[in-house]
Structures are given as structure tokens and as C-alpha cells.
Amino acid sequence: MGPLFSTTYAGKWLGLVTAIWVQAICGNNYTFANYSGALKSLMALTQLELNNLSVAKDVGKAFGLLSGFASDCLPTSVLLIIGSLEGFIGYGVQWLVVSQRIRPLPYWQMCIFLCLGGNSTTWMNTAVLVTCMRNFPKNRGPVSGILKGYVGLSTAIFTDICTALFSSDPSTFLFILAVVPAVVCLTAVFFLHETPPASRPSELQQETQYFHIFNGIAIVLAVYLLAFDITGSHGQFLSLIFAVGLVTLLATPLGVPLYSILSKPRSNSDIEQPMKEPLLLNQSKKPETTTAGVKLEDLDRKRPLIGEDHTIIEMVQTFDFWILSVSFLCGVGTGMCVMNNMGQMGLALGYPDVSIFVSLTSIWGFFGRIASGLLSEYYIWKFGTPRPLWNAASQVLMATGYVIMAFALPGSLYVGSILVGICYGVRLTVTVPVASELFGLKYYGLVYNILILNLPLGSFLFSGLLAGYLYDAEAAANDGGGNTCIGAHCYCLVFVIMAITCVLGLGLDMLLAARTRTVYAKIHESKKSITATKTTDHSSSTKC
């Protein structure tokens, strides 16, 4: 199946728009709290059993290694088709159970279908991230921020649409999760593909301008969703107006490729030449030598430097990989615990409907993703600030959020949801370009999915084991099966342990920032030289 618009400049931007749409439906893994209560009551589960179902959902991401391997030999369209089919089957069966069209399946079978639904997003994410990082290699931070930002909004989009049109009905919610992602992915098949990256300063300048537009649209969308959430209940007419406005905002990015058809970047071969500079200046053709006159490349022939392309074996042999991986686990593992257990956390503190907290985590997660992508890129360009420092800052805020929720003061779940959402978004967004900057783009699809293994591992450790066991120890058994815990004590110890974990992650992130400062200094020099080239070319064209 040949991609449409493959030879046009607009095709590149249309591909990014469809990538944004795919990411806007990839947050279905974070919506478990919206229907976990229905599964718990229908299947008469304890909290540990329910949490292990959520772990099974997250274990699906462990099989994302398959999509990583596949990304090196299969086109983007095939990855999207596989992801859409898996999601349709995985969430479709859950819909059949929750809507009571079929009897609840045995526990192990439900685990399989939740795992299948969880794995579907790894194919979608791999297809989108690998393709876009290769299409925009000079703007990895902004690209990662935009794409991961829409993943952050995805949960709020699903939740608010279901709340507005279907009164938060769990079975309808699962039906949407099964059908909408499949339709969007099959649409993206025709437009999302690899294209040559920008090779001229004018093209890079226009890329930056377009990314600002995409960020502006995304921020308007986030504010729109937040306004709907904080204004309370709405009538049927206003809810319908909200849904129409939401679809309109999601379609707005199409204006960029339409505009690019009318306004292509100027290309004057007498003035402007393609850039040949690598991302890191130490990868230039001239070999470095030691004081003894021995080429460094001969000494390191079997071991690439940090910042160069690594094979998977070479990557896992580096200390920096394990620092990045464990610190990532500390942040996303604890964040997954909160999102998977939000339904029961809200009930314990007297909130039977947790849709507002799910949306707050999603929307503020978006702001964390967008802000960290833009700010980390700006500070690298301006000062050469190591990107892992932003992960360190997120660990501080996340630990603060857990301490606030541990005290269970009035409104603490609102504050905690916002802080956890912001920090979880920062971690996912910043780690994506960090991995590519330290280990290269050649095997990036596999590198990304190896790091994503920390999501199911973190879910198992913090949600399946820690939260599950401690909750059941405090809960009282129900007459019809299962158990319930009401009160601040239900999750207090869980929050304290997760706060300590974030402090550990903070130390690891600071260590990684110190170890990679020379890498980011070289990236800083490279970006400055590109800026100087743009200025020189602009002056030359003005004189001409």
C-alpha cells in the first residue's frame, strides 16, 4: 500500500498530523480507573486481583520488543495495522464482558485480553515515534513533547467524551477504546511514512515555526478540556457543543500541511546549501588522536562513544543505560501505580466518581510533556544544560505529590493528581530524546521499547505488589466477594514508600546529568553552529 503525498513537502506535515491523531488515542492504557470498578464488581475481585489485571494490561508493553524489532524491517503502515487489530480485539472483548453481552471470562483469559490491549499501543507508539524522530532529527525535543503531549491528553479526551455523551458508562467507554483507535490507525496508514529530513537552514527555520503552531493548538486543546472538567456537570446541549468543539480542535492541525502547500520554504542553490553537520561534533570525519598519536577511533572500534549509534548489546553494557533505566523505573513505576489505583484511591477518600482525577492527571501530564520538550531543547541550545536534569526536577515534584497524598488533607487528591500528572509527562517526554542522544537513532525502535519495559515492571512492583498487598491488609471483606477500604490509612504507607523511591530516582538522574554533560556540550555547539549558518545565509540572501 503506497503512502499518499509521498513526494510532496506537505506530505511530511500531513504525516505528522496523523501521527498526532494516533498519539491522541494511545492513552487508553491509562484509562483503567474508568472501568476497573465495573470489572471488580462483575468478577468479584479483591484489590490484589484487580491490580494484577492492571499489571497484565501493562505487561502487554513488555512485548513491545516485538514492535521494536519489527520497526527495523517492516514499514510504518504494517506496524499501525497490527496495533489497530490488537486493540480492537483486546478492548472489544472487555467491552463484551462489561456490557454483559457475554459471561465474565475466567481470570487468566481476561489477563490475556488486557495484555493484548496493552500491547496494541506499543505498535502505535513505535510506528509514530521512530518515524517522526527520523523525519525531524534536529528537533527531537519539540517532536517528542508534541507527540507525548497528545498521549497525555488522550486519557482526558476519552474520559470527557464519554462523560459528555454517555454519562461515564463503563461499557460505552470500552467500546470507544476498541473502535476509535482502530479507525484512526487505519487512516494514518495512508499518510505516515519516513521522509528525508530537513537539509537546509530555511527548512529548519520553518520546522521550528510549525512546531510552535502545533504547540499552540495543543495548549488550546488542553485548556478546553480543563475548562470542561472544572465547570462541573453540563446539560445535554452543552455536552454536545463540547464534543463538536473537541473534534474541531483535533482537526485544526490539518491547517499546517494545507498552509505548507501554499508556502514552501525558499531554496536558492546559489545562496543556501544543504547542511552536512552531525548532531554531535565529535562525529566529524577528522579522527581525534591521543597524545601518543594513536587514533581514538582505533581504541574504541569495538565500543562506540556515548552519543554514537549503539547496538542493543553495546547499549546494555554501558553504565549510563542502567542509570537511565532505573531512574525511569522510579518515576513511571510509581506514576503507573497512582493511575491504576485511582478508582480505589478516590473511593477511600470519599470520591465515588474519579473521572475528574483521571482527567486532571491526563491534562496536567500534557502540560508536563509540552513544557519539558520545549524547555529542555531551549536550555540545550542556550546553555548546553543536560536534558536528564529535567527528569531530576520531576522526581522532586513527584515525591512532593506523594507526601501530600499521604497526609490525605482536604483537596490533597486534586493536588497530588496534578503533580503526578505533570511529572509522569516530563519523564516520558524527556527520556525519549535522551535515549536517542546517548545511544543513537539507528536502532531507536528497539532502544525505546527496551526502556518501556520499565512500565510493566513498575506496574507489577508498585501496583501489583506494593499497593495490592498493603490495600488488602487494610481492607474489609464484602459479603458478595471482593473487599473495600475506606479512609486515609488505605494508601498512606504506599505513598510514603513511593516518595522515598522518587528520592532514589533523583540521585540517579543527577548522576546521569553529570556523566553526560560533555555530550550535551557538544550538542550545544552543534546547535549554535547551525544557528550561525542560518544567520550567515540570511545575511547573504539579503545582500543579494
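## Helices α18 and α19

In this predicted model, helix α18 (residues 444-452) packs against helix α19 (residues 454-474) at an angle of about 5 degrees, and their axes are 5 Å apart. Angles under 35 degrees count as roughly parallel, so α18 and α19 are roughly parallel to each other.

Let's look at who meets whom here. From α18 come Ile-450, Leu-451 and Ile-452, and they meet Asn-454, Leu-455 and Pro-456 of α19. By residue class, the contact of α18 with α19 divides into five nonpolar, one polar and no charged.

## Helices α16 and α17

Next come helix α16 (residues 388-407) and helix α17 (residues 412-439), whose axes come within 8 Å and cross at roughly 160 degrees. Because angles over 145 degrees count as roughly antiparallel, that term describes how α16 and α17 run relative to each other. Their crossing is left-handed. The residues of the contact of α16 with α17 divide into 16 nonpolar, eight polar and one charged.

## Helices α3 and α14

Helix α3 (residues 47-59) and helix α14 (residues 319-348) bring together two stretches of the chain whose axes lie 11 Å apart, packing at an angle of about 135 degrees. That angle makes α3 oblique to α14. In handedness, α3 passes α14 in a right-handed crossing.

## Helix α15 and the residue after it

Helix α15 covers residues 355-383, which is 29 residues. From its first C-alpha to its last, α15 reaches 41 Å, close to the 42 Å expected at 1.5 Å a residue. Just after α15 comes Gly-384, with a positive phi of about 75 degrees.

A pair of aromatic rings is described by the distance of the centres and the angle of the planes. The structure holds 26 aromatic pairs, and one of them is worth a visit: Phe-321 with Phe-439. The ring centres of Phe-321 and Phe-439 are 6.3 Å apart and the planes stand at 70 degrees, so this pair is edge-to-face.

Which helices does the pair link? Phe-321 lies in helix α14 and Phe-439 in helix α17. The two residues are 118 residues apart, so to speak a link between distant parts of the chain.

Methods
Residues numbered from 1 in each chain as written. Predicted model: local features only at pLDDT ≥ 70, side-chain atom pairs only at ≥ 80, totals over all residues. Heavy atoms only, no water. Axes fitted to C-alpha atoms, helices over the stretch in contact; angles between N-to-C directions. Helix = DSSP H or I, 4+ residues; strand = E, 2+ residues; numbered from the N terminus. Parallel < 35°, antiparallel > 145°, perpendicular 65-115°, else oblique. Left-handed = near helix turned anticlockwise from the far one by under 90°. Nonpolar A, V, L, I, M, F, W, Y, C, P; charged D, E, K, R; others polar. Expected span 1.5 Å × (residues − 1). Phe/Tyr/Trp six-rings, centres within 6.5 Å; stacked < 30°, edge-to-face > 60°. Contact = heavy atoms within 4.5 Å.
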